[in-house]
Amino acid sequence: MLCPFCKSQDSKVLESRYATDKASIRRRRECDACKKRFTTYEKIEFFPVTVVKRSGIKEKFSRKKLLKSIKLASKKCNISIDIKEKFVNSLEISFFANSQKEITSEFLGYKVLEFLKTHNNIAYIRYYSTFQGLKTASELINEINLLNSSN
Ligand SMILES: [Zn+2]
């Protein structure tokens, strides 16, 4: 890593920690030559992931879009943005770790449902009804009953 002060190539790492987004690592370094300190960031490089919808249409996985749908379902449900961001980060990391370049919208939906179920039942039910396309009140009541019996 090139020292920004004297351009020496040798430096040592004093401290490493996750940046607030949890998808990059912040390192505090000290130049061996001039002893000045500087900071570097390592960003995890994610490859593009394709989402295959039920209709067969493919689209690029978008963390922004996923977060938006989670936010919509969990409105006023008291799940902090930090927890939601962490969930999406962990998903991206798992795609990367498992070399999953293509996922189905069902898979993604179930992952979100698993996440919401552990945090808030209302958000879970909201997401479930959009995801499964529930049409009738009785379908929804059935799901709520299942949820209650599993808790
Ligand atoms: Zn230096």
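Here are some numbered notes on this predicted model, meant for someone opening it for the first time.

1. Start with the overall layout. The protein splits into two domains, with domain 1 covering 11-43 and domain 2 covering 50-150. Taken over C-alpha atoms, the centres of domain 1 and domain 2 lie 35 Å apart.

2. Now look at the sheet built from β1, β2 and β3. It is an open sheet of three strands, ordered β1-β2-β3, and its pairing is antiparallel. β1 and β3 sit at the edges with a single partner strand each, so each has one side left without a neighbour in the sheet. On average, neighbouring strands here are turned by 25° against each other, direction ignored.

3. Strand β1 (residues 11-18) runs antiparallel to strand β2, which spans residues 24-31, and seven bridges link the two. On that side of β2, V13 stands opposite R29. Strand β3 (residues 37-43) also pairs with β2 in the antiparallel sense, over seven bridges. Follow R29 across to β3 and you'll find F38 opposite it. R26 has a bridge partner in β3 too, namely Y41.

4. A33 counts as partly exposed because 13 other C-beta atoms lie within 10 Å, where 12 or fewer would have made a residue exposed.

5. Is R17 buried or exposed? R17 belongs to strand β1, and R17 is exposed, with 8 other C-beta atoms within 10 Å.

6. R17 and I125 are 108 residues apart in sequence, and their C-alpha atoms are 37 Å apart in space. For A33 and K86, the separation is 53 residues along the chain and 39 Å between C-alpha atoms.

7. There is another open sheet to find, again of three strands. Its order is β5-β4-β6 and its pairing is mixed. The edge strands are β5 (58-60) and β6 (102-104); each has a single partner strand, so one side of each goes without a neighbour in the sheet. From one strand to the next, the twist averages 30°.

8. Strand β4 (residues 50-52) pairs with β6 in the parallel sense, over three bridges. To pick out one of those contacts, go to V52, whose bridge partner in β6 is T104.

9. As a reminder, two packed helices are described by the angle between their axes and the distance between the axes. Helix α1 (residues 63-73) packs on helix α2 (residues 81-97) at an angle of about 140°, with 10 Å between the axes. Angles over 145 degrees would count as roughly antiparallel, so α1 and α2 are classed as oblique to each other. Their crossing is right-handed.

10. How do α3 and α4 cross? The axes of helix α3 (residues 105-119) and α4 come within 8 Å, and the crossing angle is roughly 160°. That makes α3 roughly antiparallel to α4. The crossing of α3 and α4 is left-handed.

11. Which residues of α4 are buried? In this helix, residues 121-131, they are A123, Y124, Y127 and Y128. Viewed down the axis of α4, these buried residues fall within an arc of 130°, so they line one face of the helix. The general rule behind such a pattern is that an α-helix has 3.6 residues a turn, so residues three or four places apart point the same way. Once you have found that face, carry on past the helix: just after α4, G133 takes a positive phi of about 65°.

Conventions
Residues numbered from 1 in each chain as written. Predicted model: local features only at pLDDT ≥ 70, side-chain atom pairs only at ≥ 80, totals over all residues. Domains from an automatic or database assignment. Buried ≥ 20, exposed ≤ 12 C-beta atoms within 10 Å, placed from the backbone. Helix = DSSP H or I, 4+ residues; strand = E, 2+ residues; numbered from the N terminus. Arc of directions from axis to C-beta. Pairing = 2+ DSSP bridges. Axes fitted to C-alpha atoms, helices over the stretch in contact; angles between N-to-C directions. Parallel < 35°, antiparallel > 145°, perpendicular 65-115°, else oblique. Left-handed = near helix turned anticlockwise from the far one by under 90°.
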